[in-house]
Amino acid sequence: MKKFCFRRIAILFVVVLFFVSCNTGNKNKSTETNTISETNDTVQIIQNLSDEIRENPRNHKLFAKRAELQYASNNVPEAVNDLEIALKLDSLNPNYLIKISEYYLSMGRSGKALDALLKCVKYYPNNREAHFNLAHIYFYVEQYKDALNEISIIEKQNKQNADTYFLKGLIYRENGDNTNAIHNFRKTLEYNTEHWEAHNLLGLSFYELNDPLAVEYFNTAVRLFPNNYEICLNSAITLQKFGKIQESISQYKSLIEKFPDSFNARYNLGYVYLVYTESYNLAIEQFTNALKIDSMSGETYYNRGYTYELMGKLDSAKADYFKSLEIIPNYDMAIEGLNSIDKKLLN
């Protein structure tokens, strides 16, 4: 049977940073009705608070409460305005300083967020939440040493938990220190065995080290979180990498059953059929399904075209190579595919 080799493959891990979740499915009508009702209730509560504020304009608690409701309703500028007023009335309230830093961050105003937290730790040096949020900001702006310093303050107070260990793991991971990253992700799980991001990144860390322990970590993660898209996809990719092809195929199929609109699962399964089992018809089916989800994937058209070429269906292959070039101009692999077909037609 003819041998072949792909030179470009779009098989990617789904890497998750902290406090990120993936919600699937649509809300049913009942939920939508409840949401509308809750929204109407919130509007009424805000109106009632506004009436109270007019009667008590120096009551900072009323402004803070209205700010919280405004923020929950996605009225972020109004929430910031209310909390700024609350801070003018109670300028050293640590809860207000921490909360407004979150509001500023949601608006992309990291400088203002940082100022609020620095003020908080200046007057409340033992405030764990402020130090932890500072560590977050420093992590995002890649000031990793400062982020670790904030976490060390928390640790000196013996207030570390799963979140502090997880953030340390992320920091070490960003610095290429896999040993310390793995240690801290493991510590995360000692404090919280259901911290799925730590499970995911432990598996990924061993995957990147080419260590087959990655398979065991993802097997455990899948057992704990069978409906987690990122974990199930990464598990399938890991099984594939370490030569457990049939298990990988089963994992991809299971993922497609749970998430039928998953482009990555269908694309990767098509690749496995093409490269590892040479099941060309099954590969064509999965690449075609992937294109129904993302019709602008030039790589998928190329892979399907290559599969057609290996099957001897040169007209179909040529059409897919041209389509790939429409989406990715000067795509060298598609050009090479067309040149290959021209040579075959001349012989």
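Let's start where α8 meets α9: A162, Y165, F166, K168, G169, L170, Y172 and R173 in α8 are in contact with N178, N180, A181, N184, F185, K187, T188 and Y191 in α9. Contact here means heavy atoms within 4.5 Å. The helices are DSSP runs of H or I with at least four residues, strands are runs of E with at least two, and both are numbered from the N terminus.

A word on the model, before we go on. It is a predicted one, where local features need pLDDT of at least 70 and side-chain atom pairs count only at pLDDT 80 or more, while totals for chains, interfaces and linings use all residues. Residues are numbered from 1 along each chain as its sequence is written, and side-chain values use heavy atoms, leaving out hydrogens and water.

Back to our pair. The axes of α8 and α9 are 8 Å apart, and the packing angle is about 165 degrees. Because of that angle, α8 is roughly antiparallel to α9; the label applies over 145 degrees, with under 35 being roughly parallel, 65 to 115 roughly perpendicular and the rest oblique. Axes are lines fitted to C-alpha atoms, for helices over the stretch in contact, and angles run from 0 to 180 degrees between N-to-C directions. The crossing of α8 and α9 is left-handed, meaning that the near helix is turned anticlockwise from the far one by less than a right angle, whereas clockwise would be right-handed.

Now look at the other neighbour of α8. Helix α7 (residues 144–156) packs on helix α8 (residues 162–174) at about 155 degrees, with the axes 10 Å apart. So α7 is roughly antiparallel to α8. On the α7 side, the contact includes Y144, L148 and I151, and on the α8 side it includes Y165, L167 and I171. The crossing of α7 and α8 is left-handed too.

Is H195 buried or exposed? It counts as buried, because its relative accessibility is 7%; buried means under 20% relative accessible area, exposed over 50%, and partly exposed in between, with a 1.4 Å probe and protein chains only. Leaving aside residues up to four places away in sequence, H195 touches A162, D163, F166, T188 and L189.

Further along, helix α11 (residues 213–224) and helix α12 (residues 229–241) have axes that come within 9 Å and cross at roughly 150 degrees. Therefore α11 is roughly antiparallel to α12. Among the residues that meet are F218, A221 and V222 in α11 and I231, C232 and L239 in α12.

What about the nonpolar cores? A core is a set of buried Ala, Val, Leu, Ile, Met, Phe, Trp, Tyr and Cys residues joined through side-chain atoms within 4.5 Å. The largest has 88 residues, and L83, L167 and Y252 touch the most other members. A second, separate core of five residues includes A221, V222, F225 and I231.

One more residue: F63, in helix α2 (residues 60–72). F63 is buried because its relative accessibility is 6%. Its C-alpha atom is 6.3 Å from that of L83, 20 residues apart along the chain.

Counting sulfur pairs within 2.5 Å as disulfides, the total is zero.
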